[in-house]
Each structure stands twice: as C-alpha cells, then as structure tokens.
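Visitor: Could you walk me through this structure, one feature after another?
Guide: Gladly; let us look at it together.

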Amino acid sequence: MRILIVGTGYVGTTTGLVFCEMGHQVTGLDLDENKIKALQAGKLHFYEPGLDELLSKHVTAQHIEFTKKTKKAVKENDIIFICVGTPQGADGSADLTYVKNVAHSIGKYMNKYKIIVTKSTVPVGTAELVTKWIKEGQEEQVPFDVVSNPEFLREGSALQDALNPDRIVIGSTSETARAIIREMYRGFHCPIVETNPNASEMIKYAANSFLAMKISFINELARLCDGLSININDVSTGIGLDTRIGPQFLRAGMGYGGSCFPKDVNALIQIAKESGQPLSILESVVQVNEEQTIFFIEKIKQTLGGNLLNKKIAVLGLSFKANTDDTRESPSLHLIDRLLAEQVQVRVHDPVVKIAAGPSIVQFQKVEETVAGADALVIGTDWDEYKNLDWVRIKQLMNQPILFDGRNMLDKRKIENLGFHYWGIANH
Ligand code: UDX
C-alpha cells in the first residue's frame with residue numbers, strides 16, 4: 001500500500017519507518033526544506049536511538065522518499081497519515097492550525113477516494129472537523145473517509161514502542177476504511193481496539209492523562225514520605241507489584257515534562273471545562289506537577305543555608321528525560337529558570353542538548369568541568385551515563401560535596417559513603 005505521512009517529526013518519521021518495516025511504500029511530506037533535505041540524505045534531524053540506522057536502510061532501499069511537494073504527494077497516495085504538531089494554544093487547548101492547513105491541501109489536491117488518518121493527538125471531534133476542512137478545500141466532490149488512529153510511542157524508545165505497541169486503536173465510522181487500516185497493521189501482534197473517532201481521540205488523551213496522574217500521585221506521596229523518612233522507591237515497588245496498579249510511571253522525580261503530558265493534560269482539562277464537566281482530578285495533577293519543582297528548589301535552599309544568591313550550582317541533564325534531545329517542558333530547565341531567578345551561577349551539562357550561554361549560565365563539554373568549584377550538584381535528567389561517574393574525582397572538584405538527585409537514580413548509601421551530602425526525592 002502507498003502511504004503518505006504528513007509531518008516528519010518524531011511521530012511522523014517513526015511511523016513512516018515502521019510502515020516500511022511492515023513492507024509498505026512510504027512518502028514523507030514536510031514543508032520544512034531543511035528537514036526534508038536531511039531525511040533525503042538519510043540523516044535524522046532529531047536524536048532518537050536506533051532510528052537513524054532504520055532511516056538510512058529504508059532510504060537506500062528506496063522504501064521511503066521525502067518531499068516538499070504537497071500536490072504530487074497527495075495525488076499519488078491513497079492513505080494519508082496526518083502527523084503534524086498540535087501545540088498548546090493560549091487557553092490550554094490544542095492548536096489545530098497545522099491540521100487544518102493539511103486538511104485543506106488534501107481536499108484541494110484529492111483526485112480519487114482516500115483515507116485520511118489522524119495520528120497526531122487531537123481533541124475529541126477533530127475527525128469531524130478534518131472532514132469539514134477537507135470538504136472546504138475540495139473543488140469537486142471526491143469521496144474520502146477520516147479515521148482516528150492515535151500513536152502511543154515515547155521519545156527515547158520510539159522505535160521499540162512503535163514496533164511493539166500494547167494496542168492499536170482505530171476509530172472510524174466507515175467499515176471500509178476501518179478494514180483497510182486494520183489490514184495495514186496485519187503484521188502487528190497486539191490487540192486492536194475498534195471504535196468511533198470520538199472515542200479513539202478520547203482514548204489518547206485519557207491514556208496520557210492517566211499516566212501523568214500516576215506520576216503526580218507518586219510525586220505528592222513522595223513529599224509526604226520525605227518528611228516521614230520513608231523511602232518512596234520501596235513504596236512504588238510495593239504498590240506497583242499489585243497487577244491492578246502496575247509498576248510503570250511510579251518513579252518519583254522532578255515532575256513530568258515533554259511535548260505530550262503537559263499539553264495533553266491541559267487540553268483534556270479544557271475540553272472538560274467547555275463541556276461543563278470539569279475534571280478536578282486532572283487540575284490537581286497539573287498543580288502537583290508545578291509544585292514539584294518548588295518543593296525541590298526549597299530543599300536546595302534549606303540545605304544551602306536559606307539563600308542561593310551567587311551560589312554556583314552544577315546541573316547535569318537538560319532534556320526532559322534521558323535518550324532524547326527534546327527540552328520541551330523539561331523539569332530540568334524549569335528548575336534552572338528558578339535557580340537563575342534566585343541569582344544562582346548555573347553550570348550545565350548534557351550529552352546531546354546544547355543551550356545558549358547567558359550572563360549566569362554556562363554549558364560545559366565534560367561533567368568534571370561542570371562541577372568544578374560548585375556549591376551543589378543537581379541531577380536534572382536520568383541519562384544513564386550519570387550513574388557511573390567518577391564520584392571521588394567529582395567530590396574533589398566541587399567546592400562542597402552536596403548532591404541533589406532529581407531523578408532518584410543514584411545509590412544513596414554508596415554516594416554517602418564517599419562523603420557526599422545526598423538528597424533524593426524521598427530516596428531514604
Ligand atoms: C508520553 C507517553 O508515554 C506516550 O505514550 C505518548 O505517545 C507521548 O507522551 P513521552 O513524553 O515521550 O511519552 O515520555 P514518557 O516516557 O512518557 O515520560 C514523560 C515524562 O514523565 C518525562 O518527563 C519523564 O521523566 C516523566 N516520568 C515518567 C516520571 O517522572 N516518572 C515516571 O515514572 C515515568
């Protein structure tokens with residue numbers, strides 16, 4: 001089957017390559033010339049483990065091509081996946097401008113029956129809007145169906161997630177379109193949930209909101225456990241082994257970030273408000289998440305004598321989580337903003353992310369340089385390489401050996417035995 005992927009970001013590129021793996025012929029369309037040029041040369045324009053090898057394999061084998069030419073791409077393909085961004089708008093709801101533009105172009109250039117699939121996370125009712133927008137763009141009436149087929153992959157493990165999904169959700173009012181999309185996923189060994197587009201769109205928001213809720217739950221509980229000297233990691237293990245709860249997304253830390261959870265939870269809150277059925281539980285999820293950075297910084301302040309003015313603090317990790325170069329809504333960056341507001345001299349390191357230096361913030365290539373002369377060290381992102389640093393050397397280089405582990409990733413006893421003052425989030 002000939003598939004067109006519109007939008008070659010994380011979701012679009014990964015989805016396209018996974019379809020190549022399943023034996024389909026794929027075209028990736030994007031208006032950004034730089035992205036297209038890079039992809040045509042077999043180079044990823046973002047960091048995602050394992051994806052670059054797959055890209056160069058399928059570009060070389062000509063299973064995938066990339067183009068800027070919308071008209072030709074729409075005409076030549078029968079199944080069109082919309083994978084463009086749906087950023088957060090001013091009121092918290094999702095901004096559908098890109099989706100709308102794509103739908104108009106599809107309508108304009110459509111010459112025969114096509115299935116248009118929304119993969120981007122979109123509010124309930126978007127499939128109906130896409131149908132309307134396509135019709136608006138059409139110069140003559142051509143039949144088409146709109147299907148919702150949300151993507152659940154995570155950055156950092158995009159390929160594994162997309163190749164081995166827990167489930168596939170297909171929301172369609174057309175039996176023909178549903179059967180064709182089901183057929184496209186024939187090689188996948190997981191349950192397929194078939195429903196209507198509205199429910200499918202809700203499933204994606206509900207899944208992300210539920211996971212964000214698990215994180216906020218454990219983070220708020222961690223604050224309580226911190227005061228009670230209870231190890232939150234043991235609590236997570238203890239409750240996570242209950243199969244009704246499950247072990248995942250119970251890691252206490254500096255709060256959730258990224259391009260999805262913050263945006264999607266807010267969007268669902270907005271949908272609920274507009275429907276006159278507010279979701280107070282999700283409003284608390286957001287509040288707890290915002291408070292988590294404040295809780296963390298208060299701990300740093302207390303430990304450093306109540307005032308951070310002109311202190312030197314080294315922060316390891318800038319991305320919102322390990323194995324990605326994405327810094328959108330990164331808890332580490334939120335923390336750095338607050339440190340800068342307290343007039344801290346911030347020294348940062350990240351294995352892949354580069355940020356602009358400022359009057360009070362400097363980035364270093366090596367961890368050793370970053371920690372030199374620091375009054376405290378903060379782990380902001382759970383990059384694996386921070387687990388096995390030369391802590392003896394780091395202690396020698398720091399002004400004072402104080403370590404705040406925002407990801408609860410270090411062995412407290414081991415670090416303390418080396419003479420560090422260690423604090424993790426209820427990591428007792
Ligand atoms: C998420 C969803 O998991 C994915 O299904 C959806 O398609 C997109 O949004 P992603 O944002 O890539 O994926 O990352 P994820 O691994 O879910 O982590 C999100 C945030 O939660 C990160 O900041 C992470 O550090 C944090 N997190 C995750 C925790 O703080 N604790 C946990 O136990 C798990």
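**Reading the features**

Guide: UniProt, in an unreviewed entry, places "domain: UDP-glucose/GDP-mannose dehydrogenase C-terminal" at residues 314-412. UniProt positions follow the numbering used here, feature names are shortened, and annotations may be inferred rather than shown by experiment. Residues are numbered from 1 along each chain as its sequence is written. The model is predicted: local features need pLDDT of at least 70, side-chain atom pairs count only at pLDDT 80 or more, and totals for chains, interfaces and linings use all residues.

Visitor: How much helix and strand is there over residues 314-412?
Guide: Helices (H or I, at least four residues) and strands (E, at least two) are DSSP runs, numbered from the N terminus. Here the share is 24% helix and 19% strand, with 19 Å between the end C-alpha atoms.

Visitor: Into which domains is the chain divided?
Guide: Bounds come from an automatic or database domain assignment. Domain 1 covers 2-195 and domain 2 covers 215-424. Their contact (C-beta atoms, placed from the backbone, within 7 Å) takes 15 residues from domain 1 and 16 residues from domain 2. The centres of the two domains, taken over C-alpha atoms, are 34 Å apart.

Visitor: Which residue does UniProt list as "active site"?
Guide: The unreviewed entry gives Cys-260, which sits in the loop between α10 (232-240) and α11 (261-274). Leaving out residues up to four places away in sequence, Cys-260 touches Thr-121 and Asn-208.

Visitor: Is Cys-260 buried or exposed?
Guide: A residue is buried with 20 or more other C-beta atoms within 10 Å of its own, exposed with 12 or fewer, and partly exposed in between. Cys-260 is buried because 23 other C-beta atoms lie within 10 Å.

Definitions and conventions. Contact = placed C-beta atoms within 7 Å.
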